[in-house]
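Here are a few notes to read alongside the model. Take them in order, and keep the 3D view open as you go.

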Amino acid sequence: MKLLFRILITALLVLGLAKIMKGVMVDEFTTALTVAIVLGLLNFFVKPILVLFTLPVTIFTLGLFLLVINAIMILLCDHFVDGFRISSFWTAMLFSIVLSLSQSLVYQITGDTK
């Protein structure tokens, strides 16, 4: 049940951020749900591999390269999900930062922590 709640919250946040941010387009709510699911799967399977391969760069940049990896996850999601479009890398980076911060805020408010 907790997983479904997180997917729903992420979908709502993706839909809301698409309304606010220029360069982010989501066709409908089912597309936002698909984005939330695909993003979760990419973060579970692909992100650890990218973090492992880029560990020296991440250490050298004191962890800031993780922002680039998050933007790459958003761009991969853009590639896999029809109806979800990100205009540029910088938009993907800003989108990932705002999405992460808003998810943290909503999870703190609802008491749903990891």
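1. Two residues are in contact when they have heavy atoms within 4.5 Å. Buried means under 20% relative accessible area, exposed over 50%, and partly exposed in between (1.4 Å probe, protein chains only). Helices (H or I, at least four residues) and strands (E, at least two) are DSSP runs, numbered from the N terminus.

2. This is a predicted model, where local features need pLDDT of at least 70, side-chain atom pairs count only at pLDDT 80 or more, and totals for chains, interfaces and linings use all residues. Residues are numbered from 1 along each chain as its sequence is written, and side-chain values use heavy atoms, with hydrogens and water left out.

3. pLDDT is the predictor's confidence in each residue, from 0 to 100. The protein chain averages 96. Confidence is lowest in helix H1 (residues 2-20), at a mean of 95, and highest in S2, at 98.

4. What do the buried residues of H1 pack against? Their partners are S1, H2, S2 and helix H6 (89-110). Among these buried residues are Ile7, Leu13 and Leu17.

5. Now look for the one salt bridge in the whole structure (a side-chain nitrogen of Lys or Arg within 4 Å of a carboxyl oxygen of Asp or Glu). Arg85 pairs with Asp27, their closest N and O atoms being 3.1 Å apart. The pair links distant parts of the chain, 58 residues apart: Arg85 is in strand S2 (residues 84-86), and Asp27 is in the loop between strand S1 (24-26) and H2. Arg85 is partly exposed, at 35% relative accessibility.

6. Finally, find Ile37 in helix H2 (residues 29-45). Ile37 is partly exposed, with a relative accessible area of 42%.
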